[in-house]
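Please find below a colleague's note on the structure under discussion. The points may be read alongside the sequence and the coordinates.

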Amino acid sequence: MSMWEYANPKRFMGWTAPVLPWSFGLAMACLVVGLVWGFFFTPDDFRQGSTVKIIYLHVPAALMAINAWIMMLVASLIWVVRRHHVSALAARAAAPVGLTMTLIALFTGAIWGQPMWGTYWAWDPRLTSFLILFLFYMGYIALWEAIEDPDTAADLTSVLCMVGSIFAILSRYAVNFWNQGLHQGASLSLDAEENVADVFWIPLLVCIAGFVLLFIALVLMRTRTEIRVRRMRALEARARRA
Amino acid sequence: MPDLGTYAAEVLSAYAVSLVLLVGVIGLSWRRYTRVRADLEKVERDG
């Protein structure tokens, strides 16, 4: 069987039905374990004090805020090239989840910034690019809502998604491109000396797994909803014609 | 409860805002999921 057959709406509904509760359950388990571990059982940082506990929310949310665009880009390209409706609906389903992750990253970053930098906000490259990313999410969702014809909406939002994805990548590397501003470089690194200490890293990894699984579960749930909405509209249109 | 020292307000508010947003997106997604499923079942039943 070709992998594209999994994108058939009926097949998609079939294979996602058992995957959805498992991904959601695993996401909840990872989030509860990671956040409880991070909040209650990790020490304060010698420089940042207890504010280091914000890392368990801020970093996974920021990672997902950026990577949601990559998922949306792949789904949009599949729509543009192969015209698979499920891929367009999956991109649409991911946007509100990515928007929520962006909001969490922005809020927790501002709250963390106040005691560390002395300000909630600065027009720093990373912060500014994240604010623009937030606006791209809003624009993407608004464009889907504004266009009545679903295929036209999918075409136009795919173009917007390509531009948004470039910004997502820019925001990921903003600290490297413009080596100025308040925001530190990446907290996570394959270089053991640059990476955060294991005592913070392991619960952070559990939280990242929780956010990734939650993203997957929510996108599956919302894509299933969009497929049902599409089917309901088709049935109603058929009933009106009869 | 761990001793959060002088940053207790910042840490607790970061967790509160994040949990509200997470619960919000999960709750809204679930509510729409169940509503649309029920509506589609009704449309399919009524033919």
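This is a predicted model: local features need pLDDT of at least 70, side-chain atom pairs count only at pLDDT 80 or more; totals for chains, interfaces and linings use all residues.

1. Residues are numbered from 1 along each chain as its sequence is written, and chains are lettered from A and ligands numbered from 1 in the order in which they are written.

2. At the interface, 30 residues of chain A are in contact with 23 residues of chain B (contact: C-beta atoms, placed from the backbone, within 7 Å). The side of chain B that touches chain A comprises 14 nonpolar, 5 charged and 4 polar residues. Here Ala, Val, Leu, Ile, Met, Phe, Trp, Tyr, Cys and Pro count as nonpolar, Asp, Glu, Lys and Arg as charged, and the others, Gly among them, as polar.

3. Helix H1 of chain B covers residues 8-46 (helices are DSSP runs of H or I, at least four residues, numbered from the N terminus). Its 39 residues should span 57 Å at 1.5 Å a residue, which agrees with the 56 Å between its end C-alpha atoms; the expected span is 1.5 Å times one less than the number of residues. The buried residues of H1(B) include B:Glu10, B:Ala14, B:Ser18 and B:Leu22 (buried: 20 or more other C-beta atoms within 10 Å of the residue's own, with C-beta atoms placed from the backbone). These buried residues pack against helices H2 (55-82), H3 (85-117) and H7 (198-241) of chain A.

4. A:Leu57 lies in helix H2 of chain A and counts as buried because it has 31 C-beta neighbours inside 10 Å. Residues up to four places away in sequence aside, A:Leu57 touches A:Ile104, A:Thr108, B:Ala14, B:Tyr15 and B:Ser18.

5. The largest nonpolar core has 68 residues, of which A:Ala61, A:Ala65, A:Ala68 and A:Ala94 touch the most other members (a nonpolar core: buried Ala, Val, Leu, Ile, Met, Phe, Trp, Tyr and Cys residues joined through C-beta atoms within 7 Å). H3(A) gives the largest share of this core, 17 residues. Beyond its neighbours within four places in sequence, A:Ala94 is in contact with A:Ala68, A:Met71, A:Met72 and A:Val219.

6. A:Gly113, in helix H3 of chain A, is buried because 21 other C-beta atoms lie within 10 Å. The C-alpha atoms of A:Gly113 and A:Thr51 are separated by 9.5 Å, although the two residues are 62 residues apart along the chain.

Note on methods
Two residues are in contact if their C-beta atoms, placed from the backbone, lie within 7 Å. Helices (H or I, at least four residues) and strands (E, at least two) are DSSP runs, numbered from the N terminus. A residue is buried if 20 or more other C-beta atoms lie within 10 Å of its own, exposed if 12 or fewer, and partly exposed in between; C-beta atoms are placed from the backbone.
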